[in-house]
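Please keep the sequence and the structure in view while reading.

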Amino acid sequence: MTIDFLRDKPIYTQLVEKICGDIIRGNRQLGEKMPSVREYAVEVGVNVNTVQRVYKELEQMKLTETKRGQGTYITNDEAVILTLREQMKEKIVEQFFYSIEEYGFTKQEIIEQLQKQGGEGN
């Protein structure tokens, strides 16, 4: 599985966001072993150094833990995952509000549209 990366954002950042999304959605479980750096590099079609940086970023975010000679594991700390989920939600909402302001929409227009679409689709 290779990934189509955006040109305007560093690949390692996109991979960190992908893994964070996988954790939030539950596609990667607490305590789950991550693929080795080489395995993941092959899986997503990037350089090994890029994946090393991704794993380093995840470890600095306290989302993973590397055990010498055993590999890298997703944290078992649910509080860390809940914090990540809240941070991602805030980031998405901030980006959303930035976008609607850029196009000149009012919050009321957007709320009305969301209610309209929510009523149609759900």
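The protein chain has a radius of gyration of 18 Å, whereas a compact globule of 122 residues would have one near 14 Å. The model is a predicted one, and its C-alpha atoms fill a box of roughly 55 × 35 × 25 Å along the principal axes.

In terms of secondary structure, the protein chain holds five helices and two strands, and these follow one another along the sequence in the pattern α-α-α-β-β-α-α. Of the contacts in the protein chain with a separation of 6 or more, 49% are made by residues 24 or more positions apart.

Turning to burial and surface, 25% of the 122 residues of the protein chain count as buried, while the chain exposes about 8900 Å², of which carbon and sulfur atoms supply 49%. The charged side chains number 17 positive and 20 negative, and the centres of these two sets lie 7 Å apart.

The largest nonpolar core has 19 residues, and the members that touch the most other members are Ile19, Tyr40, Val54, Tyr55, Leu58 and Leu63.

Leu63 deserves a separate look: when residues up to four places away in sequence are left out, Leu63 touches Cys20, Leu58, Tyr73, Ile74, Thr75, Val80, Ile81 and Leu84.

Lys62 is found in the loop between α3 and β1 (64-67), and this residue has a positive phi of about 70 degrees although it is not a glycine. Is Lys62 buried or exposed? Its relative accessible area is 59%, and because this value is over the 50% cut-off, Lys62 counts as exposed.

Gly21, by contrast in burial, lies in helix α1 and has a relative accessible area of 10%, so that this glycine counts as buried, the cut-off being under 20%. Which C-alpha separation does Gly21 have from Arg85? The two C-alpha atoms are separated by 8.7 Å, although Gly21 and Arg85 are 64 residues apart along the chain.

Key:
Residues numbered from 1 in each chain as written. Predicted model: local features only at pLDDT ≥ 70, side-chain atom pairs only at ≥ 80, totals over all residues. Heavy atoms only, no water. Helix = DSSP H or I, 4+ residues; strand = E, 2+ residues; numbered from the N terminus. Rg over C-alpha atoms; globule rule 2.2 N^0.38 Å. Buried < 20%, exposed > 50% of the residue type's maximum accessible area, 1.4 Å probe, protein only. Contact = heavy atoms within 4.5 Å. Areas by Shrake-Rupley, 256 points an atom, 1.4 Å probe, with all protein chains shown as cover. Lys, Arg positive; Asp, Glu negative; His and termini not counted. Charge placed at Lys NZ, Arg CZ, Asp CG, Glu CD. Core = buried A, V, L, I, M, F, W, Y, C linked by side-chain atoms within 4.5 Å.
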